[in-house]
Amino acid sequence: NEFLTKYQWGPASGLKDTKGAYDTFNGDTALVYNAGSEECPVRIIFPSAAGLITFSRVSDGETFYLDMSKIKTGDPFYMIDSETKLLMGGNWNGTDFSPSGKIYNFALVAGEFFNLLTGEDTIKCNGVVPVDISYDLIYY
């Protein structure tokens, strides 16, 4: 029985029973929960914006800065991928990001794309309201 198995290993894994308020931007903040045993890469999708944008991991203040004014001819949406360390342009249809093949890492003016620490944290953005955040848990 798959449900019995879930309830047997669920508490030991640290996984939540429901998504609840996690993994959705509420304005410029998103509550995240990495139940894995290691830091995990994160992907954040946001619409085109002008000027300086900051992304912060609230628990430790780790922040990176994007100067979107450096992008002269861009895409309608962008995705930060901390695993590949890329800022990619593309399109967003509400569920899927389709990369255009353009890389905009030159807009990163300070800091580094960060991973999510284990446990609960908050990601805060200034200068844009992201449309999506996703990450894969890492267990060993």
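**Close-ups of a predicted model**

**View 1. A surface spot around Val109.** Val109 is found in strand β9 (strands are DSSP runs of E, at least two residues, numbered from the N terminus). At 42% relative accessibility, Val109 counts as partly exposed; that label sits between buried, under 20%, and exposed, over 50%, with a 1.4 Å probe and protein chains only. Together with Leu52 and Tyr65, Val109 makes a nonpolar surface patch with about 260 Å² of accessible area. Patch members have over 30% relative accessible area and no salt bridge (a Lys or Arg side-chain nitrogen within 4 Å of an Asp or Glu carboxyl oxygen), and nonpolar side chains are joined within 5 Å. Areas here come from the Shrake-Rupley method with a 1.4 Å probe.

The model is predicted, so local features need pLDDT of at least 70 and side-chain atom pairs 80 or more, while totals for chains, interfaces and linings use all residues. Numbering runs from 1 along each chain, and side-chain values use heavy atoms, without hydrogens or water.

**View 2. The open sheet.** Six strands line up as β1-β2-β10-β4-β5-β9, with antiparallel pairing (a pair needs at least two DSSP bridges). β1 (25-26) and β9 (108-110) stand at the edges with a single partner strand each, so one side of each has no neighbour in the sheet. β1 pairs with β2 (residues 29-34) over two bridges, and Asn26 has Thr29 in β2 as its bridge partner.

**View 3. Around Val42.** Val42 belongs to strand β3 (residues 42-47) and is buried, at 2% relative accessible area. Beyond its neighbours within four places in sequence, Val42 has contacts (heavy atoms within 4.5 Å) that include Ile80, Phe114, Leu116 and Tyr135. Phe113 is 71 residues from Val42 in sequence, yet their C-alpha atoms are 8.9 Å apart.

Key. Helix = DSSP H or I, 4+ residues; strand = E, 2+ residues; numbered from the N terminus. Patch = residues over 30% accessible without salt bridge, like charges linked within 9 Å, V, L, I, M, F, W, Y side chains within 5 Å.
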